[in-house]
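Trainee: I have a chain to look at and some questions about it. Can we go through them one by one?

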Amino acid sequence: VREMNQLILRQTLKLIWPVLGVYSFYLLLRGHNEPGGGFIGGLVLALSIILYDLAAANRSPLLIKIQNSLGSIFGWASLVLLILICLPMFFGEAALAAMWSSIPLPLAGKFSSVLVFDTVVYLVVGIGTVSAYLNLNAKLKEAALS
């Protein structure tokens, strides 16, 4: 019975995680105009990746790559955020002032610095949460073996 329950759970998770991934992207795009945004979208993204890991029999190469390149991801995110902070000052605006373009985007309205900021937050929160999950999972396995 336990093996059957695990099989059902794994198959259900395989169906749910892509839906959550798409929904997290929707939350990101709607976030600066409606409730949602980078933080909530990033948490839903992390949940979909964690469910993918739970549904898989073996650890995904993507999760291993995320864990190994966490420092460079956060470094690039910091650089983009620094540019977003300083860019409005070159146009005589206050730091972190929103800058909008006339380029329309589906679901998101117009391309803006707010959307870029939300996207960086989305990736940092999503990848950071997945990294915390992987580290906690490794510590729990280590504790179980001792």
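Predicted model: local features only at pLDDT ≥ 70, side-chain atom pairs only at ≥ 80, totals over all residues.

Trainee: Is Gly128 buried, partly exposed or exposed?

Mentor: Buried means under 20% relative accessible area, and exposed means over 50%. Gly128 has 23% relative accessibility, so it counts as partly exposed.

Trainee: How far apart are the C-alpha atoms of Gly128 and Gly37?

Mentor: Along the chain, Gly128 and Gly37 are 91 residues apart.

Trainee: Now helix H1. What should its residues span, and how far apart are its end C-alpha atoms?

Mentor: H1 has 29 residues. At 1.5 Å a residue, they should span 42 Å. The model agrees, because the end C-alpha atoms of H1 are 41 Å apart.

Trainee: Which residues of H1 are buried, and what covers them?

Mentor: The buried residues in H1 are Leu13, Leu20, Ser24, Leu27, Leu28 and Leu29. Their cover includes helix H2 (38–55) and helix H5 (113–145).

Trainee: Arg30 is found in helix H1 too. Is it buried, partly exposed or exposed?

Mentor: The cut-off for buried is under 20% relative accessible area. Arg30 has 21%, so it is partly exposed.

Trainee: What separates the C-alpha atoms of Arg30 and Pro106?

Mentor: Arg30 and Pro106 are 76 residues apart along the chain. Their C-alpha atoms are separated by 9.7 Å.

Trainee: On to the rings. How is the pair of Tyr23 and Tyr26 classed?

Mentor: The count comes to 2 aromatic pairs. In the pair of Tyr23 and Tyr26, the ring centres are 6.2 Å apart and the planes are at 25°. Planes under 30 degrees apart count as stacked. Therefore the pair of Tyr23 and Tyr26 is stacked.

Trainee: Where do Tyr23 and Tyr26 lie, and how many residues apart are they?

Mentor: Both lie in helix H1 (residues 2–30). Their spacing is about one turn of the helix, or 3 residues.

Trainee: How do Tyr23 and Tyr26 count by accessibility?

Mentor: Tyr23 is at 42% relative accessibility, so it counts as partly exposed. Tyr26 is at 37%, so Tyr26 also counts as partly exposed.

Trainee: Which residues make the nonpolar surface patch, and what is its area?

Mentor: Its members are Trp76, Leu79, Leu82, Ile83, Leu87, Phe90 and Phe91. One of them, Phe90, is found in helix H4 (residues 70–90). Phe90 counts as exposed because its relative accessibility is 70%. The patch they make has an area of about 820 Å².

Trainee: Last one. What is the phi of Leu96?

Mentor: Leu96 sits in the loop between H4 and strand E1 (100–105). With a relative accessible area of 51%, Leu96 is exposed. Although Leu96 is not a glycine, its phi is positive, about 65°.

How values were computed
Residues numbered from 1 in each chain as written. Heavy atoms only, no water. Patch = residues over 30% accessible without salt bridge, like charges linked within 9 Å, V, L, I, M, F, W, Y side chains within 5 Å. Areas by Shrake-Rupley, 256 points an atom, 1.4 Å probe, with all protein chains shown as cover. Salt bridge = Lys/Arg side-chain N within 4 Å of Asp/Glu carboxyl O. Helix = DSSP H or I, 4+ residues; strand = E, 2+ residues; numbered from the N terminus. Buried < 20%, exposed > 50% of the residue type's maximum accessible area, 1.4 Å probe, protein only. Phe/Tyr/Trp six-rings, centres within 6.5 Å; stacked < 30°, edge-to-face > 60°. Expected span 1.5 Å × (residues − 1). Contact = heavy atoms within 4.5 Å.
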